[in-house]
Amino acid sequence: FYQGCMRSKFQKKFPHATTGEIMTMLGDTWRNMTDEQQLPFIVLAKEEQEQFEKERQMMEKAQKPSEMWQPLRRCLQVLDRLVADGFANIFLEPVDLDDF
């Protein structure tokens, strides 16, 4: 997070520096910072990591049909039932909303 926040400032400050040089300067600056100065960026990184883990677990569960509802699979099942159902044709007829 520190690199993402500070890279543009370093690029403006050193416009002729290469990307590698800027990254080296960022690393040196990070290492020279105190723990208190690094703390906000570390907290952001931990929050991002926790959010990623939650989303990863949800995605893994979504891939397993026995553990979580799968929207696409469920929609296909409903469409298959409608095709097989003789009364499904009533849904194809136009409805006049003024009747209701």
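Me: In this predicted model, which residue does glutamate 53 meet in a salt bridge?
Reply: The side chain of glutamate 53 takes part in a salt bridge with an N to O distance of 2.7 Å. The partner is arginine 56.

Me: Is glutamate 53 buried, partly exposed or exposed?
Reply: A residue counts as buried under 20% relative accessible area and as exposed over 50%. Glutamate 53 has a relative accessible area of 29%, so the residue falls in between. Glutamate 53 is therefore partly exposed.

Me: How far apart are the closest N and O atoms of aspartate 28 and arginine 31?
Reply: Side chains of opposite charge can pair when their charged atoms come close. Aspartate 28 and arginine 31 are three residues apart in helix α2, which means that about one helical turn separates them. They form a salt bridge, and the distance between their closest N and O atoms is 2.7 Å.

Me: Which class of exposure does arginine 31 belong to?
Reply: The class of exposed residues begins over 50% relative accessible area. Arginine 31 has a relative accessible area of 59%, so this residue passes the cut-off. Its salt-bridge partner, aspartate 28, counts as partly exposed at 35%, whereas arginine 31 is exposed.

Me: Where do the buried residues of α2 lie around the helix?
Reply: The buried residues of α2 are Ile22, Leu26 and Gly27. Seen down the helix axis, they fall within an arc of 140°. On the other side of α2, Arg31 and Asn32 are exposed. The buried residues therefore line one face of the helix.

Me: Which residues of α1 are buried, and what arc do they cover?
Reply: The buried residues of α1 are Tyr2, Met6 and Phe10. Because their arc around the axis is so limited, they sit on the same side of α1. The face turned away from this buried side carries the exposed residues Gly4 and Lys12. The buried residues Tyr2, Met6 and Phe10 cover an arc of only 50°.

Me: Which type of aromatic pair do tryptophan 30 and phenylalanine 41 form?
Reply: The structure holds four aromatic pairs. In the pair of tryptophan 30 and phenylalanine 41, the ring centres are 6.2 Å apart and the planes stand at 75°. Planes over 60 degrees apart count as edge-to-face. The pair is therefore edge-to-face.

Me: Which residues are linked into a cluster by ring pairs?
Reply: Tryptophan 30 lies in helix α2 and phenylalanine 41 in helix α3, 11 residues apart, and their pair links distant parts of the chain. Tryptophan 30 is partly exposed at 26% relative accessible area, while phenylalanine 41 counts as buried at 17%. Ring pairs link these two with a further residue, giving a cluster of Tyr2, Trp30 and Phe41.

Me: Which residues does glutamine 38 contact, leaving aside its neighbours within four places in sequence?
Reply: Glutamine 38 lies in helix α3, which spans residues 35-62. Its relative accessible area is 12%, so glutamine 38 is buried. Beyond those sequence neighbours, glutamine 38 is in contact with Trp30 and Met33.

Notes:
Residues are numbered from 1 along each chain as its sequence is written. This is a predicted model: local features need pLDDT of at least 70, side-chain atom pairs count only at pLDDT 80 or more; totals for chains, interfaces and linings use all residues. Side-chain values use heavy atoms; hydrogens and water are left out. Helices (H or I, at least four residues) and strands (E, at least two) are DSSP runs, numbered from the N terminus. Buried means under 20% relative accessible area, exposed over 50%, partly exposed in between (1.4 Å probe, protein chains only). Contact means heavy atoms within 4.5 Å. The arc is that of the directions from the helix axis to the C-beta atoms. Rings of Phe, Tyr and Trp (its six-membered ring) pair if their centres lie within 6.5 Å; planes under 30 degrees apart count as stacked, over 60 as edge-to-face and the rest as tilted. A salt bridge is a side-chain nitrogen of Lys or Arg within 4 Å of a carboxyl oxygen of Asp or Glu.
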